Structures are given as structure tokens and as C-alpha cells.
Amino acid sequence: MSAPPVGPKAVLKEVLKTKSGIAAFTLLIFIISLSLVVPIYAPYNIVKSWNNPEMWLSNPRCAAPVWIELFIGKKLPKNMVIESEEFHESCFIVTYGNFTIKKVYLDGDFNYKYDGFPSEFKIEIKANTKTNMRVDLKLIRPDGDEIFIIEEVLTANKSRIVLGSEGEIIHNAAENYVAEVLGSKPKVVVPQAVFFAVKDEGMNNPKTAKVLKGRYTLKIEATSLNPEDTVEVSMHIYGRVYGLIGTDAMRRDLLVGILWGAPIALAFGLTAAIISTFAQAILGVISGYLGGKVDEIIQRATEFMMVIPMLPIMILISFVYRLNIWTLLAVVIIFSIFGSTVKVVRSMVPQIKEEHYILAAISYGASRWRIMFRHIFPRVLPYTFSILALSVPGYIFLEAALSFLGLGDPVLPTWGKILGDAQNSGAAYHGYWWWILAPAMCIAITAIAFALLGYAFDKVVNPRLREM
Amino acid sequence: MLKGLSRHLVRRAIFLMATLIIATYATVLIANLGGYIDHILRQQIEFEVSQYLARNPSFKELPPEEQEKFRIQLIEQRIKAAGLDKPFIIRSFIYLKQALTLDLGRAMHIKSAAGSSRVRDIIFERLPWSVLLFTTGTILEAAIGIVIGIYMAKSALSKFDRLMTIFSIISYSSPPWFYGIIAILLFSFQLRVFPPGGLVSRPHESLITFIPDLLHHLALPLIVWVFSFFGYWAYITRNLVIETLHQDFVMAARAKGVPENIITRRYVLRPAAPPIITMVALALIASWTGAIITETVFGWPGLGRLYYMAIWSMDAPVLIGLTVMYAYLLVLTVFILDILYAILDPRVRIPGG
């Protein structure tokens with residue numbers, strides 16, 4: 001048996017020689033690099049914008065990650081925006097005696113070339129008029145058909161209308177169009193399919209309808225009696241895929257939350273693990289070296305804390321006091337000051353106490369505290385590394401569990417919270433797997449990294465494990 | 001020697017009783033939000049009285065001072081009837097005494113399926129489901145894990161041993177509810193092999209249809225539970241067995257030429273058994289309380305789910321009842337193990353050991 005390496009640096013060097021140590025560090029570097037990407041990918045106040053729905057209005061709802069196209073071999077729709085500046089404008093002003101008529105024609109072209117229907121779309125018309133203005137809106141399809149959408153008078157008071165694919169106007173337009181093509185009114189209409197579908201029997205059902213690819217034109221005709229009046233239109237077509245990880249039901253880019261969750265999880269797990277493990281190790285040293293009454297008190301307190309059910313009490317406290325993540329961290333640490341590491345370390349102390357260098361220290365008159373902290377604590381330190389690493393996943397999962405139950409930090413996005421949101425929105429039922437798997441994989445990778453690291457430390461400082 | 005033993009046991013019993021009392025009192029304080037629930041109850045009574053009087057026509061005919069006097073009198077009566085007139089500190093000790101004597105009282109909001117609001121009825125209605133899932137799971141995972149662990153120890157450093165070790169470490173790093181979420185996504189919604197949750201999918205008249213339905217719902221949480229823990233059992237068993245294999249008496253037995261299977265059974269498993277038995281005992285006790293998050297994920301109507309419901313509805317009597325039951329079971333188990341250890345291992349009796 002080779003002797004265990006002494007000193008933190010030597011231990012780390014040995015750990016990097018084991019396979020599990022290398023694997024652990026690779027995974028850790030991945031998680032840390034996620035944290036480093038945050039300020040580049042989302043250089044804004046993430047916590048504030050995460051909870052602000054306005055921030056995400058232009059994203060599709062529950063969109064899958066872009067890369068699924070590689071697996072299903074289809075081009076799924078991405079977001080398309082036809083801004084008002086992209087519309088081709090022509091206008092006429094006709095004067096009859098003492099009154100003038102202004103006519104504005106706006107044509108917006110877009111090429112729809114995807115293999116699926118958009119998830120929704122939205123058309124916004126804004127009139128800049130002091131009196132009133134009549135607008136007609138229709139969509140010209142690649143097959144030459146016209147879908148009449150709306151004929152509306154906009155006034156100075158009601159100068160803006162937003163037509164969503166969920167709204168009644170678009171719904172009626174789609175229904176009428178299907179009736180016109182098939183001869184009868186359908187029971188259910190899905191406008192975002194009907195508008196972009198090939199004319200056939202299955203066109204009102206998104207499952208059977210085929211996509212009509214090609215050039216679509218959104219046409220506006222506006223009439224006003226005031227030559228200064230203008231009109232603006234924009235169209236927003238929401239896709240089905242978005243970004244690296246997709247979006248959630250609040251249209252939020254999950255990548256932002258996932259990236260932001262990495263430093264939070266690391267900070268939470270590591271802080272809790274480091275403070276509690278060191279506190280327990282110090283208590284173990286004190287308990288083992290001083291003995292007597294102090295030992296008795298520390299041991300009984302440790303046993304008490306080991307017996308009480310930790311998770312239910314943490315759930316209760318989080319529910320009652322609505323902790324944010326940092327007060328939660330403080331509570332977790334307070335509950336972990338006495339724990340099994342106290343016992344592990346205490347069992348090592350008697351043997352170390354008898355060693356010559358300790359006896360030498362006593363003989364030159366070192367104080368008890370100096371012996372404990374300068375001579376004994378550094379000796380047990382390497383043994384605590386594996387305990388420390390192995391305890392990190394537990395703390396990360398504790399935070400995740402509380403967030404999952406809706407008892408986590410009220411504003412901060414964490415992996416557990418994203419997972420909880422997914423659960424509460426029935427993501428599994430609807431098949432939004434990315435919403436579940438992305439945070440789950442991140443938590444799992446972090447947990448596995450620390451578990452492997454702990455195992456590697458254990459192998460290095462407990463050479464018996466290595467030899468066996 | 002017997003004197004040392006009984007002194008040790010008395011000390012342990014005193015310590016465990018103190019643990020039980022402190023843990024229960026802490027639960028009483030936290031579950032009542034340090035008296036805040038009393039405040040809510042008092043406000044509720046005031047509101048109810050005002051509502052009751054507002055509907056009473058003869059009350060309106062009284063002069064205003066009389067009305068107010070009558071109202072305050074009625075509120076005080078009701079507060080006294082509900083026992084809310086004493087300060088919370090005193091009441092907290094009454095609660096503690098009731099909890100410790102297992103006089104669990106009535107729930108504030110939660111009712112059992114049969115309609116009873118007695119905490120005891122609510123707990124006993126759900127206990128079988130937690131036991132069915134988690135005790136079965138714990139027995140299975142421990143059995144599978146221990147068998148694999150012994151095999152790993154015997155073939156230490158083989159490919160199987162190494163792979164299994166890594167698997168154990170990785171699988172144990174995530175909790176069962178986490179696997180539950182992924183398993184539900186995969187097996188319930190993508191592959192549609194198992195139902196995503198619940199006890200049964202519809203009410204049943206006869207046991208013949210009830211049992212297969214129940215088993216179908218039981219399968220996924222049970223598999224998940226066993227999957228997430230058996231590696232841990234295997235790894236612990238492996239290390240304990242290997243440690244014993246390196247003891248001098250095993251070497252001596254080998255040198256004597258004792259057959260290998262007798263060495264395993266008599267010289268290795270016997271000394272390695274006590275810590276494993278301790279772990280099995282504690283895991284079984286823990287399994288009776290269910291698992292809060294796993295039961296929530298699978299919609300399993302056991303005690304863990306009840307605990308969660310009790311937290312959300314701030315049902316202090318149910319919370320206290322569950323915690324006390326768990327604390328009693330745990331403390332009793334620890335004490336029984338103490339007795340067994342003290343009898344089996346003389347070193348335990350040395351003070352401070």
C-alpha cells in the first residue's frame with residue numbers, strides 16, 4: 001500500500017491522474033463555462049427580465065430547440081417578422097372639388113418555405129389619423145387565392161388593431177375561407193394552418209393539412225379623407241423552433257434561464273458544502289481533541305441533528321417564511337453545522353493525537369487551539385475533500401426540490417424552478433421534452449461531476465480503496 | 001458488565017427521549033408559525049361572529065352599545081371554547097403533551113377519503129399506500145444491492161466491479177424524484193407503457209380489476225425507487241465485505257484451507273452484517289413516511305403527499321401528527337438497534353465510545 005498524499009495540492013494532483021477525476025473536471029469545466037457565457041449571451045438584468053412577460057413577446061411559445069430539425073429531417077418554421085418598413089408602399093391622392101381622398105396601398109411579401117405550420121401569427125395595423133381611416137386587409141397566397149381578413153374603420157381614438165391567430169377576426173376569416181374552398185363550414189379551424197395550407201379536404205386539420213410553400217403577400221388598402229394620414233402594418237409569424245434549448249410557455253428563452261442557473265447552482269451547492277463540511281470537520285477535531293463535556297455536547301447535538309427529518313423541516317420553513325435563495329442557503333447551513341462528518345473526523349483524531357509531531361508541539365508549549373487548527377485540522381483536511389464534493393449534489397437537489405415544489409426563490413430562475421414550471425404546465429403531457437430535459441440534464445451533469453470528484457478524492461486519500 | 005450495559009442503555013434512552021421532545025416541540029412551534037395560526041383562527045372567529053350577527057334580525061333591534069357588548073361577549077365565548085384564550089406559549093406545551101401522548105386531535109382542513117377529520121384516521125388511511133410503494137421498494141433495492149455488492153466484492157477490480165462502482169456513484173448522486181420526472185416523460189408520455197401517476201385510473205368495484213390496475217400504477221414509481229438506490233446498497237456492501245475480507249481472521253481461515261463458500265458465509269458476511277442490518281432497519285422506517293417529492297411527482301396518495309398537502313393548507317395538527325409519528329418510529333428503531341449493538345459488541349459500553 002502506498003501512503004496517502006499529504007496536503008491539498010498533492011491530493012489534487014493525484015486526483016487529476018484518475019479517470020473519474022478527469023471526467024469530473026471535464027464536466028465541471030462545462031458547467032463553469034456555462035456560467036461564463038451568461039454575460040455574453042444575456043448582457044442584461046436577467047432576474048428582472050425573466051419575470052417580465054413584455055421582454056419575451058416576440059418569441060414563440062413552447063418552441064422546440066432548433067437542432068431537432070437534424071433528427072426529424074424537416075425544416076420547421078422559425079420566427080419571421082415583416083416589419084412595417086419592409087412593406088412596399090404606393091399612394092394616390094385624388095381631389096374632387098373641395099375634398100380629397102387619399103388611398104394607401106401597402107404590400108408585404110414573405111417567402112414561406114418551411115415544412116410545418118407556424119405556431120401562431122399576429123398582424124398589427126397602426127393608423128396615424130386625426131379623423132378616420134378605412135383599412136382593408138387581405139392575404140394573397142402563392143396559389144393566387146385571396147383570404148379576406150378585415151375591413152375596419154380606424155379613428156383617432158382607436159388607431160391601432162392587433163389581429164392574433166387566436167382572435168375572433170382571424171378565426172372568422174379562416175372559417176370563411178375553408179367554407180369557400182370546401183363548400184361547408186368546418187367544426188374546428190386552426191387559422192395558422194388554414195392560412196398556409198394547400199387547398200384540400202384536410203386543410204382545416206393541422207395534422208392532415210399540407211404546407212403551401214411560396215410567396216405570400218399581405219395587402220392593405222387604406223382610404224382616408226385627409227392627405228396627411230398614414231398607416232403602418234407589421235406581421236409577426238411565430239415559429240416552432242427557437243434557439244439552442246427552445247422556449248417555455250411564457251415564451252422565455254430557456255437558454256437564458258439554464259445559463260443563469262449554472263452559477264446559482266454552483267454557488268449554492270459549493271457554499272453550503274464548503275461551510276458545512278469545514279464546520280463539521282472543525283467540530284470533529286474539537287470534539288476528538290478536547291474530549292470530556294465538550295465532546296459529549298457536540299456528539300449529542302450531532303446525533304440530534306442526524307435523527308431529525310431534514311427535508312420535511314426545510315419544506316416547512318420555506319413555506320412559512322418564503323425564503324429567497326440566500327436566506328435559504330443560510331438556513332441550510334445552520335441545519336448542517338452538526339452532521340455525520342463530525343463523527344467521521346472525530347474518529348480520526350485519537351490516532352493523530354498520539355503522533356510524535358503533536359507530542360513535540362505540546363512539549364514546546366503550543367496552545368490547544370494552535371494544535372487543533374495548525375496541526376490536526378490540516379491532517380484531516382484531505383479526508384474531508386471527498387465528503388465535501390459528495391455533499392454538493394445533495395444541496396443542489398435540495399434547492400431544486402424546494403423550487404420544484406414552488407417553495408424556492410420567488411424571482412430568481414434556477415434549474416429546479418424551470419423544472420417545476422415545466423411540471424406545473426404539464427410539459428411532459430404536451431411533449432415539451434426540452435423544457436424538462438434541459439434543466440434536468442444540467443442538474444444531473446453537475447451532480448455527476450461532484451459525485452465523480454468525490455469518488456476520485458476518496459480513492460486518493462483512502463489508498464485502501466485503490467488497492468482493493 | 002450488566003451494570004455497564006444498563007447504564008449505557010439508560011443514558012441512550014434519556015438522550016433519545018430528549019431528542020424526541022425537542023424535535024416535537026420544534027415542530028409544534030414551526031407548524032403553528034410561532035402562534036401565527038392562532039391569530040388567524042381568532043380573526044376567523046371574529047369574522048364568523050360578525051357574519052352570524054349581521055344575519056340575525058333581533059340583533060339589529062338592540063341599541064348600538066348593546067350590540068357591541070354582545071358581539072365582544074360572543075367572540076370571547078367562542079375563543080374560549082376553541083381554547084384560544086391562553087397565551088400561545090402555554091398552549092404550545094399543551095400541544096407538545098398531546099403530541100407526545102399520541103393524542104393527535106382533529107385536522108383543520110384535510111379530511112380522509114371516508115370523511116373523517118381525525119388526524120389518526122387520515123394518517124392510517126394513507127399509510128398502507130406509502131408502505132406498499134416504499135417498503136416494497138426498500139426491500140427490493142436492499143436485496144438486489146446486497147447480492148450485487150457481495151458479488152462485486154468477490155470479483156473486486158474486475159470490469160463488472162469497476163462499472164458497477166461508477167454506476168453506483170453516478171446513480172446515487174440524483175434523488176429518486178428526479179429520475180421520476182424523466183421516467184414519466186419517457187415511459188408514460190413518449191412510450192406510453194406506464195400511467196403517469198395516481199393509484200388507479202378509475203374506481204373499481206372488485207379486487208380482481210383493482211389489483212392489476214394498482215400494480216400497473218405501482219410499477220413505474222417502484223422501478224424508479226429501486227433504480228435510484230440499489231447501486232448505493234451494492235457499493236456500501238461491497239466496501240464492507242472487502243474490508244472484512246482483508247481482516248486477519250479471514251486470512252487465517254484461508255491459510256487453514258477453509259472452503260471459499262464457508263469463508264464467505266461464516267467469516268465475511270457475519271461480521272459485515274450488523275452495519276448492513278442497521279442501514280436496512282433505518283431505511284425501512286424512513287420508507288413508512290413515504291417520500292414527499294417522489295409521491296408528489298407520481299401523484300401517489302401516501303403520507304409524503306399528505307405532508308405536502310398539510311403544508312400548503314397550513315394544517316398544523318396533521319403536520320405535527322406526521323412528524324411525531326415519524327420521530328417515534330425513528331427513535332424506537334434507534335433504541336432497539338442500540339440494545340442489539342450493546343449486546344453484540346462490548347466496546348459500545350465503554351463511556352464516550
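Start in chain A: select A:Ser20, A:Gly21, A:Ala23, A:Ala24, A:Leu27, A:Leu28, A:Phe30 and A:Ile31 in H2(A), which meet A:Ile445, A:Thr446, A:Ile448, A:Ala449, A:Leu452, A:Leu453, A:Tyr455 and A:Ala456 in H16(A). Being in contact means that the C-beta atoms of two residues, placed from the backbone, lie within 7 Å. (Ala, Val, Leu, Ile, Met, Phe, Trp, Tyr, Cys and Pro count as nonpolar, Asp, Glu, Lys and Arg as charged, and the others, Gly among them, as polar.)

A word on the model: it is predicted, with local features needing pLDDT of at least 70 and side-chain atom pairs pLDDT 80 or more, while totals for chains, interfaces and linings use all residues. Residues are numbered from 1 along each chain as its sequence is written, and chains are lettered from A and ligands numbered from 1 in the order in which they are written.

Next, show chains A and B together. Their contact takes 34 residues from each of chain B and chain A. On the chain B side, H8(B) gives the most, with seven residues. (Helices are DSSP runs of H or I, at least four residues, numbered from the N terminus.) That side has 28 nonpolar, six polar and no charged residues.

Last stop: color chain B by domain, 32-101 for domain 1 and 121-344 for domain 2. These bounds come from an automatic or database domain assignment. The two domain centres, taken over C-alpha atoms, sit 47 Å apart.

Key:
Helices (H or I, at least four residues) and strands (E, at least two) are DSSP runs, numbered from the N terminus.
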